[in-house]
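The exercises below are meant to be worked through with the sequence and the 3D structure open side by side. Each task is followed by a solution that goes step by step.

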Amino acid sequence: MTIADTQPHVPMQSTKEIATAWDRMIARRRFYTALGLVILVVAFVSSVRFADESNAGHFFERLPHLFDFLSWLIPKDWTDVWRALFDIASPNDKGGEEFNFANGRVYVWGSFYIPEYFELMIITINIALVSTIIAFIFAVPLSFFAARNLTKNWPLRIFTKRIMEFLRAFPEIVIAGLFSAILSIGPVAAIIAITLHTIGALGKLFYEVAENIDMKPDEGMRAVGANWLERVRFAALPQVMPNYASYALLRLEINVRASTIIGAVGGGGIGEELKLSISRGFGAKTMALVLLLFVTIVAVDQFSAWLRRRLVGEHAFLLQH
């Protein structure tokens, strides 16, 4: 008797049975997918109908007028867009605010001036830059306290994580609205709001990086009697700093957009001027602001991506095979 004779006999399935089982499984998956889509469509239609009945303006009745406001923002003279961007006097200026481009000049020395919107864009970038730097300074030590492999004191580790979760739980615009009411309108409220949220966001990214470092340098430092601060400084920090810097630059891109949005609630910078321009229907000014904002965000994104590649290497941006 061979070993094969002692094994229980398992009947072999035919190719037809396997194909039938496969078709049955595919049909079941398609049925569940179709059923899920039907439920999703029904829920969407029901919610839209409920919103339409609850809305005094009736959404569906006003739907044909959805893009009417765009006609208000189309400049009558497209050359006014460039005049608004560089604070050049417009021949259409009749004394009102719509075409008073030259009044916004910020004179620096003699007749040399910075266009108003460029100054506002610089303020917006400064808000994002200052917020990111301050948040980076606080997020780095918090990440080491939260890392499981570096901090064995679990109450301290859990407390640090909860703090970071609390800081990133609220959107920046909510925090900015709160501090604008306390500190009045201005960039200070925007800086505080973006900084608090960025500490929580960067802290989470940072401690996940710290938990994946090579622990052999830490073991060597421990073997020669190094304390916790020395182990973090000489064993952990050199390994994580390139990724920390890369994440900080990525967050800077996000904060430039966030500082623009926060300007709409009184955070200063270009966002506040954009909100006023749209609400008043100033087409040339709105187009100039949108153009400047678009070019600036693209430039910041490209510069940040280039700098991150220099820090962590080109291989980090390629698919690993």
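**Exercise 1. Work out how Arg 83 and Asp 80 are placed relative to each other in helix α5, and describe the salt bridge between their side chains.**

Step 1. Arg 83 and Asp 80 are separated by about one helical turn, because they are 3 residues apart in helix α5; helices here are DSSP runs (H or I, at least four residues) and strands are runs of E (at least two), numbered from the N terminus.

Step 2. The two side chains meet in a salt bridge at 2.7 Å, N to O, where a salt bridge is a side-chain nitrogen of Lys or Arg within 4 Å of a carboxyl oxygen of Asp or Glu.

Step 3. Arg 83 and Asp 80 are both buried; buried means under 20% relative accessible area, exposed over 50%, and partly exposed in between (1.4 Å probe, protein chains only).

Step 4. Asp 77 joins Asp 80 and Arg 83 in a network of salt bridges, and the structure holds 11 salt bridges.

Before going on, note that this is a predicted model, in which local features need pLDDT of at least 70 and side-chain atom pairs count only at pLDDT 80 or more, whereas totals for chains, interfaces and linings use all residues. Residues are numbered from 1 along each chain as its sequence is written, and side-chain values use heavy atoms, with hydrogens and water left out.

**Exercise 2. State the confidence of the model, and find which elements have the lowest and the highest mean pLDDT.**

Step 1. The protein chain averages a pLDDT of 85, and 91% of the residues score at least 70; pLDDT is the predictor's confidence in each residue, from 0 to 100.

**Exercise 3. Examine Asp 87 and Ser 90 in the loop between α5 and β1.**

Step 1. Most residues other than glycine have a negative phi. Asp 87, although not a glycine, has a positive phi of about 55°.

Step 2. Asp 87 counts as buried, because its relative accessibility is 2%.

Step 3. Ser 90 is also buried, with a relative accessible area of 9%, and beyond its neighbours within four places in sequence Ser 90 is in contact (heavy atoms within 4.5 Å) with Asp 80, Arg 83, Phe 99 and Phe 101.

**Exercise 4. Describe two further salt bridges, Arg 162 with Glu 165 and Arg 148 with Glu 211.**

Step 1. Arg 162 and Glu 165 both lie in helix α7, 3 residues apart, and their side chains meet at 2.6 Å, N to O; Arg 162 is partly exposed at 39%, as is Glu 165 at 34%.

Step 2. In the bridge between Arg 148 and Glu 211, the closest N and O atoms are 3.8 Å apart.

**Exercise 5. Which residues touch the most other members of the largest nonpolar core?**

Step 1. Of its 20 residues, these are Tyr 117, Ile 270, Ala 288, Leu 292 and Leu 293; a nonpolar core is a set of buried Ala, Val, Leu, Ile, Met, Phe, Trp, Tyr and Cys residues joined through side-chain atoms within 4.5 Å.

Step 2. Helix α13 gives the most to this core, with 7 residues.

Step 3. Leu 292 touches Leu 85, Tyr 117, Phe 118, Met 121 and Ile 270, not counting residues up to four places away in sequence.
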